[in-house]
Amino acid sequence: MNKTVKQPLNLPSGTYEPQLSASIDLERCLSSEVLLHVFDLSGTHEVKTCYGDIVKIVNALRDYAMLLETVCDEWELAGFHRATYEYQAEKLRQIADKFQCGIGYDYDAAVRKCQKLRGKRSRNADVGEDAMVLAVKRGFEQAQAKANAPSSPSQNDDKEVNRYE
């Protein structure tokens, strides 16, 4: 029995190592937990969280504030209900702004970037259409080449006979 011996890959580590270690370090840094200390009447509470969690909290608070304001118009709320929803939306926005300021995150910039990316046409959006156009062109070129190609006299005679049958 011949066993194949696995050979180590000889990849240039100098090329790949800086990029890999940078992304790993960034991921490790962003996912490292920090302690938040919350004070209330019952004492101090500690919450372990990380940057990514706070970004999700900011996004949720801002999205919910926008949802509350949208509901006010869609449901045609007035008086106390409208005032309550608008007040809550403003408070949620203030909390989100406090968190995003603390971590250096900008919700509005992230939304603009997302909308910009969504508005761009995907590179591979019309690959099927492009393939069809190329196939039709190629078929047309082949048909023209066949029509322009000189044919032997025996083939012409057969064509003449078939036409009159």
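Strands (E, at least two residues) and helices (H or I, at least four) are DSSP runs, numbered from the N terminus.

A word on the model before we start. This is a predicted model, in which local features need pLDDT of at least 70, side-chain atom pairs count only at pLDDT 80 or more, and totals for chains, interfaces and linings use all residues. Residues are numbered from 1 along each chain as its sequence is written, and side-chain values use heavy atoms, with hydrogens and water left out.

**Exercise 1.** Work out how helix 2 and helix 3 run relative to each other.

Solution. First take the axes, which are lines fitted to C-alpha atoms over the stretch in contact, with angles from 0 to 180 degrees between N-to-C directions. Those of helix 2 (residues 51–74) and helix 3 (residues 79–103) come within 8 Å and cross at roughly 160°. The two helices are therefore roughly antiparallel (angles over 145 degrees). Finally, sort the contact by class: 19 residues are nonpolar, 2 polar and 7 charged. Here Asp, Glu, Lys and Arg count as charged, Ala, Val, Leu, Ile, Met, Phe, Trp, Tyr, Cys and Pro as nonpolar, and the others, Gly among them, as polar.

**Exercise 2.** Locate the salt bridge that Arg62 forms.

Solution. Recall the cut-off: a side-chain nitrogen of Lys or Arg within 4 Å of a carboxyl oxygen of Asp or Glu. The structure holds 6 salt bridges. Arg62 forms one with Asp97, and their closest N and O atoms are 3.4 Å apart. Arg62 belongs to helix 2 and Asp97 to helix 3, so the pair ties together parts 35 residues apart in sequence.

Conventions. Parallel < 35°, antiparallel > 145°, perpendicular 65-115°, else oblique.
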